[in-house]
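Let's walk through this model together, with a few questions and answers along the way.

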Amino acid sequence: MFCNNCGNNCRDGLAFCTNCGSRLSSLPHQAQPSFVPPQVIYVQQVPVQEVNKPKNPGFVLSIPAMISGIISIVDINILFGIAGIIMSAISMAKGKKSGVKNGMAIAGLVCSIIGTVIGATLIVLLVLSYIGAIQDIYSGSFSQF
């Protein structure tokens, strides 16, 4: 039996259409209805992938370079700064060979340089303060203690 409203093929003996809910006629109707709803076809577009997109072989090394740079700033550790500078330079050289820019390597290089400069400045200040303290001790300015 077909629904007179939407054209859905329903089982015999049903009072309402299972598709649209319209009341079905009590007489069995075997012929195709005059109204056939149009079929809607949905087309999903697939994004196009670039096949010849150059890959950056230095990107993997730029991640630890960035982490070393951040640690050198936060921990004021010159060794992490120097390691970050070296890893960033290698990563940037590999990216330059493949023709790809590597922003993370540049950021790692900047952070590593900043951390190294801060660490070196603090070491110089500590050495100068120790030298000043030693000179004060030998000059006798601490004689009251």
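**Helix packing and cysteines**

Methionine 92 has its place in helix α2, helices being DSSP runs of H or I with at least four residues, numbered from the N terminus. This is a predicted model, where local features need pLDDT of at least 70, side-chain atom pairs count only at pLDDT 80 or more, and totals for chains, interfaces and linings use all residues. Residues are numbered from 1 along each chain as its sequence is written, and side-chain values use heavy atoms, leaving out hydrogens and water.

Q: Is methionine 92 buried, partly exposed or exposed?
A: Buried means under 20% relative accessible area, exposed over 50%, and partly exposed in between (1.4 Å probe, protein chains only). Methionine 92 has a relative accessible area of 31%, so it is partly exposed.

Q: Which residues does methionine 92 contact, leaving aside neighbours within four places in sequence?
A: Contact means heavy atoms within 4.5 Å. By that rule, the partners of methionine 92 are Ala105, Ile106 and Leu109.

Q: Are α2 and α3 roughly parallel or roughly antiparallel?
A: The axes of α2 (residues 78-98) and α3 (residues 103-139) come within 8 Å and cross at roughly 155 degrees. Angles run from 0 to 180 degrees between N-to-C directions, with axes fitted to C-alpha atoms over the stretch in contact; under 35 degrees counts as roughly parallel, over 145 as roughly antiparallel, 65 to 115 as roughly perpendicular and the rest as oblique. The crossing therefore makes α2 and α3 roughly antiparallel.

Q: How many disulfides are there?
A: A disulfide is a pair of cysteine sulfur atoms within 2.5 Å. For cysteine 17, the nearest cysteine sulfur, in cysteine 6, is 3.7 Å away. The count of disulfides is zero.

Key:
Helix = DSSP H or I, 4+ residues; strand = E, 2+ residues; numbered from the N terminus.
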